[in-house]
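Hi everyone, thanks for coming. Please have a look at the structure on the screen, and then I'll walk you through a few places in it.

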Amino acid sequence: RAGNIGGGGFMLIHNSAKKEVVALDFWQKSPAAATRTMFVRDGKADPKLSREGYIAVAVPGTVAGLAHALEKHGTLSLGKALAPAIGYAQNGFVMNAGLSSDIKSYEKLLKARPETARIFFKPSGGYYEAGDIFVQKDLARTLKAIAKGGPAVFYRGEIAARIAGQMKANSGLLTKEDLAAYEPVVRKPVHTSYRGNDVYSMYPPSSGGVCITQALNILEGFDLGRTGHNSAATIHLVAEAMKRAFSDLFVYAGDPDFVAVPVRGLTSKTYGAKLAAGIDPARATPSSRIRAGDARVYEKDETTHFSIVDGQGNAVSATYTLNGNFGSGIVVEGSGFLLNNEMDN
């Protein structure tokens, strides 16, 4: 319902031996046919169009991204790495209460299309309850194909043909050419220091890395050790820092392949200190009064995240998503996986 081969994401990889950090961008990309006004109807933006249905789907990046990470930084073959997932899809796993509840909450979305309903509901149309075994045979076949043929199967082979064919039949924008052109991008991570510690985070188009770096730069100007963990004073300062970081995010964030994001300015220590100076330690600043600064002079439960460190000090921080829970609600026919609704972003 969240992290899925029909989605995309970001990964930070720390190689302990080489003492390097790599930022891997395998975010979804807009289809080439996307337009500025594609979600406008009668002169007004229609949010539903960007969240449900075929034109909400962006080019998935997860398969290419994870395969790239494994090839460049891993130690297992693709087949061995995929084996546990294939086993869970082929033989099933025990449904937990959270997933069962989410399926019920999203029943309207999941029952809107027969292929999706066939997977997420019992043959009788009833619910899978906590404790039931949930089997996904179609997904198992898809994962086996990827294990055998690599990401090329997904982007240029039989799976790509299924995705593109279903899109064309339902007035979607994503084409076989969009899939064939997809490549993950290796980017330089955002880097700062916080009280003597090195902090690395994801570069745009992810906005979280710049946002957290900016917030840390602001908070470095306050003695959080004195105010105390989770005290009212500390929570107030964190909230004020995040207000300012998010205000800038909504103005400056974007895809660096298309727009100039002033990363150096947003993550500047000098800029952070200037923003910190505007915080009253005793009084909240109304959000309505906060506007984005000029960084250029300095230059949901719906996402999967995991952070892993091994015995050699290598580390991976990965975030990937379909955007909304169950994404667009569209399952690729005969393939068993959901497609994202990332055009919403």
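**Rings, a pocket and a cavity**

Let's begin with Phe154, which is buried, with a relative accessible area of 0%. One thing to keep in mind as we go: this is a predicted model.

Now, aromatic rings. How many aromatic pairs does the structure hold? There are twelve aromatic pairs. Phe154 belongs to one of these, together with Phe337: the ring centres are 5.6 Å apart and the planes stand at 35°, so we call this pair tilted. That angle falls between the two cut-offs, since stacked needs planes under 30 degrees apart and edge-to-face needs over 60. And is Phe337 buried or exposed? Phe337 is buried, at 1% relative accessibility.

Phe337 also leads us to Asn4, as Asn4 touches Phe337, along with Thr62, Tyr320, Leu322 and Leu338, if we leave out residues up to four places away in sequence. You'll find Asn4 in the segment before strand 1. Asn4 has a relative accessible area of 15%, so it counts as buried, because the cut-off is under 20%.

Which residues do ring pairs link into it? They are Phe93, Tyr106, Phe120, Tyr128, Phe134 and Phe326. Elsewhere on our tour, a charged side chain sits with a ring: Lys111 lies over the face of Phe121, 4.6 Å from the ring centre.

Next, the open spaces. The second largest pocket has a volume of about 1700 Å³. Its lining is made of 50 residues, and nearest the centre lie Leu66, Ala81, Ala85, Phe306 and Tyr320. Among the elements that give two or more residues to this lining are strand 1 (8–15), helix 2 (62–73), helix 3 (78–91) and strand 11 (315–321). By class, the lining of this pocket has 33 nonpolar, twelve polar and five charged residues.

Last stop, the largest cavity. What volume does it have? The volume is about 70 Å³. Residues lining the largest cavity include Pro204, Pro205, Ser206, Ser207, Tyr252 and Gly254. Sorted by class, this lining has eight nonpolar and three polar residues, and no charged ones.

That's the tour, and I'm happy to go back to any of these spots with you.

Definitions and conventions. Residues numbered from 1 in each chain as written. Predicted model: local features only at pLDDT ≥ 70, side-chain atom pairs only at ≥ 80, totals over all residues. Heavy atoms only, no water. 1 Å grid on protein atoms, 1.4 Å probe; cavity = no way out; pocket = protein on both sides within 12 Å on 5 of 7 lines; lining within 4 Å. Points joined across faces, edges and corners; volume = space filled by probe spheres on them. Nonpolar A, V, L, I, M, F, W, Y, C, P; charged D, E, K, R; others polar. Phe/Tyr/Trp six-rings, centres within 6.5 Å; stacked < 30°, edge-to-face > 60°. Buried < 20%, exposed > 50% of the residue type's maximum accessible area, 1.4 Å probe, protein only. Lys NZ or Arg CZ within 6 Å of the ring centre and 35° of its normal. Helix = DSSP H or I, 4+ residues; strand = E, 2+ residues; numbered from the N terminus. Contact = heavy atoms within 4.5 Å.
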